[in-house]
Amino acid sequence: MFQVRIHGRGGQGVVTGAEMLSVAAFIEGRHAQAFPSFGSERMGAPVVAFCRIADQEIRLREPILEPDCLIVQDPTLFKVIDVFAGLRADGYLLVNTNKTFAELHIGPVAERLPKGHAVIVPATEFAMKHVGRPVPNAALLGAFAGLTQFVRLESVEHAIEQAFPGKIGAVNIAAAREAHEFVLMQQCKSAA
Amino acid sequence: MLKQIEGSHAMAEAIALCRPEVICAYPITPQTHIVEGLGDLVKEGELVDCEFINVESEFAALSVAIGASAAGARAYTATASQGLLFMAEAVYNASGLGLPIVMTLGNRAIGAPINIWNDHSDAMSMRDAGWLQLFAETNQEAVDLHIQAFKLAEELSMPVMVCVDGFILTHAMERIDIPTQQQVDGYLPPYDPVQVLDPAEPASIGAMVGPEAFTEVRFLAHYKETLALKLIPEFSAEFAKTFGRETGGLLRSYRADDADMLVVAMGSVCGTIKDTIDEMREEGIRIGLVVIVAFRPFPVEALRNALAGTKDVVVVEKSIAVGIGGQLANDVGAALRNLPRPPRLHSSVAGLGGRAITRASLHRLFRQASVQPWEGTNFLDLNERVVGREIHRTRKNRRSGPTAENILRELAKSVPPAAE
Amino acid sequence: MIDPAAAIAPEEGVQKLKYYQKGTFTVGNRLVAEEQRTVQASQARSNALTCGHRACQGCGEALGARYAIDAAMRATNNNLIAVNATGCLEVFTTPYPETSWQLPWLHSLFGNAAAVATGVAAAMRVKKRPEVRVIAQGGDGGTTDIGFQCLSGMFERNDDVLYICYDNEGYMNTGVQRSSATPPTARTATTPVLGVEPGNVFGTGKSVPKIAVAHNIPYVATATVADLHDLERKVTKAMSIHGARYIQISVPCPLGWGSASHDTIRLARLAVECGLYPIFQAEHGKVTKVRKIRRPVPVQDYLKLQRRFAHLFKGGIEDPRVARLQAICDAHIAEYGLVDATGKEG
């Protein structure tokens with residue numbers, strides 16, 4: 001079972017992101033469970049969403065305490081909550097930012113993870129560029145596909161299409177593709 | 001058809017397939033998505049021959065359903081927590097009138113203190129009202145139980161509550177098999193009531209019944225619930241034939257055959273317990289689980305048979321009858337009472353007000369039950385420091401009013417004033 | 001086919017019939033053409049509330065319900081379902097195992113008659129039986145107080161239900177307790193004749209007919225058991241309309257009011273004639289017709305026949321609050337235009 005935890009703020013599409021990821025896994029014939037941390041949410045409040053992916057039925061219902069992959073949609077959260085709690089030693093880290101890990105003061109965390117497992121991606125920039133709205137979730141899923149190779153980019157694109165029909169879907173897919181490319185390039189660089 | 005879909009929307013689709021004729025909607029977290037989903041299906045024209053009524057309270061919701069059902073229409077509504085209590089009078093009225101209403105309960109804690117998260121206190125508050133109460137372990141089972149519920153309700157002439165863990169199931173998106181209209185039509189015939197409001201054959205329904213007949217009426221209601229003990233497994237078996245899945249029934253066992261310890265629980269926590277059991281089994285510990293699906297009628301005989309051979313029974317439940325202990329533990333204890341060598345019963349209460357129940361905590365609990373059993377009720381993951389401090393304070397200084405606020409006052413005292 | 005409403009209330013150009021005869025309260029059925037007689041005059045009436053019920057001698061509610069439901073049965077060709085709130089009417093008509101109802105009838109709870117009726121109406125729609133109509137009925141307690149939420153909800157949704165409130169101004173079935181329909185100064189078990197302001201106090205209470213009008217529903221009317229033709233006309237008219245409708249009927253309660261059982265109809269008439277109980281019709285938020293008072297009577301004539309007001313006249317001295325009651329009557333007369341300036345009958 002692969003467990004993904006997404007941190008963000010209300011209004012950034014965190015929950016939709018987790019749901020789209022689960023749809024991508026479903027499209028590949030796998031089981032996936034997506035759910036939010038439930039609360040009286042308001043715009044801007046910290047929000048966590050979860051997605052479990054497995055090849056057999058998922059029975060577990062506890063929150064994801066030891067994620068295999070952490071997606072951080074909003075780097076201002078580092079000061080507010082312990083985003084990294086439980087992140088597995090061989091886990092992945094994906095942060096939505098155009099700064100470096102050092103600039104975000106989370107260099108040590110990134111360095112503890114295996115090489116190539118921690119990447120940054122300016123997902124909001126890609127979203128603004130292609131979609132015109134600062135909602136980075138689709139782009140982050142494209143980045144996730146590139147980072148972990150756990151779902152195919154194609155499946156992510158289908159999931160985005162299902163969530164956002166028509167033109168909105170198309171531009172979100174474009175953002176996802178660019179983020180995907182960006183991450184693959186970063187990984188090439190770090191491997192070199 | 002397999003869909004990746006939110007639990008509430010899957011339930012809405014399943015309910016729509018049952019061809020409800022009158023749906024009453026009043027919003028309350030966490031069931032709102034279900035009635036919204038149904039409202040969409042009616043307005044889009046996908047669910048035809050169905051009246052969708054926006055009512056002004058939960059009391060009105062069930063009252064409208066009562067009128068519709070008494071007049072021969074298949075009626076449905078949904079609620080949770082505070083809403084269930086607000087319609088409490090109508091809950092007893094519906095079962096007393098023998099009306100086959102199906103209602104989803106998005107299990108949620110009851111306040112005060114107000115709490116929107118999952119536990120089973122709402123279902124427990126109405127356990128004596130004469131409804132069938134079925135608890136879904138998964139969203140797939142939630143879908144399937146609604147279909148079985150309409151059939152049970154109409155066969156028995158008795159309302160049915162389908163209990164679904166709020167948020168944990170209602171708001172989780174997962175892979176669910178939604179049946180076809182043809183399958184449901186093959187399983188669930190149209191509602192054909194014997195006594196109904198009809199100008200062609202006038203009848204007076206709902207008269208006052210005095211001491212000379214009331215006992216007999218109640219006896220027959222009790223008897224009917226026990227009939228359900230036979231019908232629930234029967235309809236579940238029929239469901240398996242039509243839909244190819246084993247869901248519903250009175251209870252089911254998991255890795256229980258040779259177990260020294262059996263856990264008893266209801267609802268979604270059973271999934272987490274199963275994972276925990278698998279981990280413990282790998283260490284050689286012989287532990288299993290009994291999942292109770294039908295809480296009312298309580299499957300005394302089936303449960304006794306399931307638990308007879310084991311040494312320890314640990315009940316994990318999401319509610320507590322303040323002043324005595326867990327309701328499920330109490331009912332389980334009653335079922336075990338007449339066994340020649342009954343297993344030891346350990347009662348634990350967990351997940352109140354939506355607190356997460358983790359594998360780690362369950363591991364600790366199950367081990368503790370065998371090596372360091374406790375008396376009375378064990379509150380899983382209780383913050384003993386907070387509780388201890390409050391108890392200590394109340395010994396010195398009694399203060400009236402809500403505990404939740406009193407705890408805060410005490411905490412506020414211990415925080416130094418802000419620097420600026 | 002004769003439209004019953006038109007037959008009983010002939011339009012202009014046809015001589016209006018007057019039923020008042022000095023010294024007697026004869027309704028005069030045998031003096032008019034058959035199609036202008038009341039529903040009750042007909043042997044073919046449905047007797048939807050048939051004899052054998054356990055109401056008190058002189059019960060205004062039994063009378064009102066019989067009149068109203070039979071009129072509704074005729075207007076709907078006997079395609080009627082009734083939903084009853086808990087109260088006197090429900091209790092005295094269904095002493096298990098007997099029932100005096102000869103139409104489909106459901107009693108659910110005290111406060112939900114309007115909502116249950118909504119459900120029945122929805123079922124008839126979905127079953128494609130539009131000819132079957134629904135009435136919800138209850139006393140003032142079950143309507144103005146505990147049933148108010150469901151009533152307002154039904155009004156707001158414009159559900160196709162006629163709600164009939166039998167107003168005897170108190171919770172009579174439970175032993176005469178005060179409701180929000182109890183008039184000021186009246187003695188009840190919870191507004192005892194004690195203390196500084198004996199009986200029910202001024203400055204409380206509500207007019208549900210006015211509130212019904214404020215919901216802009218298709219039809220609102222008040223009526224009494226003293227005017228059978230008027231009551232039947234109003235019920236018949238209501239049944240010709242679809243949507244939320246409300247009729248409130250003044251039904252004296254000999255037990256609760258402390259009046260003679262033979263004074264029920266007289267009291268209902270006096271309540272109208274002193275102005276305390278204005279009789280009007282309203283449609284979609286506007287008052288459209290009022291029942292003029294032919295000759296107003298002083299409120300004392302009404303009060304003195306009831307022991308619940310006896311303390312106002314103790315020892316032959318009239319309590320100053322009687323003048324306040326008269327002021328209420330005068331205010332009603334002014335507000336609804338119940339008396340013509342010339343004093344002629346309207």
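Predicted model: local features only at pLDDT ≥ 70, side-chain atom pairs only at ≥ 80, totals over all residues.
A charge sits over a ring when NZ of Lys or CZ of Arg is within 6 Å of the ring centre and within 35 degrees of the ring normal.

**Chain A at a glance**

- Chain A comes with a mean pLDDT of 94, and 98% of its residues reach 70 or more.
- The C-alpha trace of chain A spans about 40 × 40 × 35 Å along its principal axes.
- Of the 192 residues in chain A, 58% are buried.
- Looking at contacts in chain A with a separation of 6 or more, 66% come from residues 24 or more positions apart.
- As for A:Ile81, this residue is in the loop between strand E4 (69–72) and strand E5 (92–96), and is partly exposed at 31% relative accessible area.
- A:Ile81 and A:His7 are 74 residues apart in sequence, yet their C-alpha atoms are 9.7 Å apart in space.

**Which chains touch**

- Two pairs of chains are in contact, and chains B and C share the most contacts.
- Chains A and C do not touch, with their nearest C-alpha atoms 28 Å apart.

**Rings and charges**

- Over all chains, the structure holds 16 aromatic pairs.
- One of them is A:Phe2 with A:Phe144: the ring centres are 6.1 Å apart and the planes sit at 65°, so the pair is edge-to-face, the cut-off for that being over 60 degrees.
- This pair ties together parts that are 142 residues apart in sequence, because A:Phe2 lies in strand E1 (residues 2–9) and A:Phe144 in helix H4 (residues 137–148) of chain A.
- Both partners are buried, A:Phe2 at 10% relative accessibility and A:Phe144 at 0%.
- Over in chain B, B:Phe239 and B:Phe243 make a stacked pair, 4.0 Å centre to centre with 15° between the planes.
- B:Phe239 and B:Phe243 are four residues apart in helix H9 (residues 214–243) of chain B, about one turn of the helix, and both are buried.
- Back in chain A, one aromatic cluster is formed by A:Phe2, A:Tyr92, A:Phe144 and A:Phe150.
- Chain B has a charge over a ring too: the charged end of B:Lys151 sits over B:Phe235, 5.0 Å from the ring centre.

**A buried histidine in chain B**

- B:His146 belongs to helix H7 (residues 139–156) of chain B and is buried, at 0% relative accessibility.
- Its side chain makes a 2.6 Å polar contact with the side chain of B:Thr104.
- Beyond neighbours within four places in sequence, the contacts of B:His146 include B:Met11, B:Ile15, B:Cys18, B:Tyr76, B:Val102 and B:Val164.

**Helix H5 of chain B**

- In helix H5 (residues 88–96) of chain B, the buried residues are B:Ala90, B:Val91, B:Asn93, B:Ala94 and B:Ser95.
- Their cover includes helix H3 (58–70), helix H4 (81–86) and strand E7 (160–165) of chain B.
- Just after H5(B), B:Gly98 takes a positive phi of about 65°.

- Most residues other than glycine have a negative phi, and most peptide bonds are trans.
- B:Thr29 and B:Pro30 are joined by a cis peptide bond, with omega about 5°; B:Pro30 is in the loop between strand E2 (22–25) and helix H2 (32–43) of chain B.
- The bond from B:Arg296 to B:Pro297 is cis as well, omega being near 5°, and B:Pro297 is in the loop between strand E13 (294–296) and helix H11 (300–307) of chain B.
- B:Ser81 is not a glycine but has a positive phi, near 40°; B:Ser81 lies in helix H4 of chain B and is buried at 0% relative accessibility.
- C:Val176 also has a positive phi, about 65°, without being a glycine.
- C:Val176 is in the loop between strand E4 (162–167) and helix H7 (208–214) of chain C, and its relative accessible area of 15% makes it buried, because the cut-off is under 20%.

Note on methods:
Residues numbered from 1 in each chain as written. Chains lettered and ligands numbered in written order. Heavy atoms only, no water. Helix = DSSP H or I, 4+ residues; strand = E, 2+ residues; numbered from the N terminus. Buried < 20%, exposed > 50% of the residue type's maximum accessible area, 1.4 Å probe, protein only. Polar contact = N/O pair within 3.5 Å; in protein donor to acceptor, adjacent residues only side chain to side chain. Contact = heavy atoms within 4.5 Å. Phe/Tyr/Trp six-rings, centres within 6.5 Å; stacked < 30°, edge-to-face > 60°. pLDDT = per-residue confidence, 0-100.
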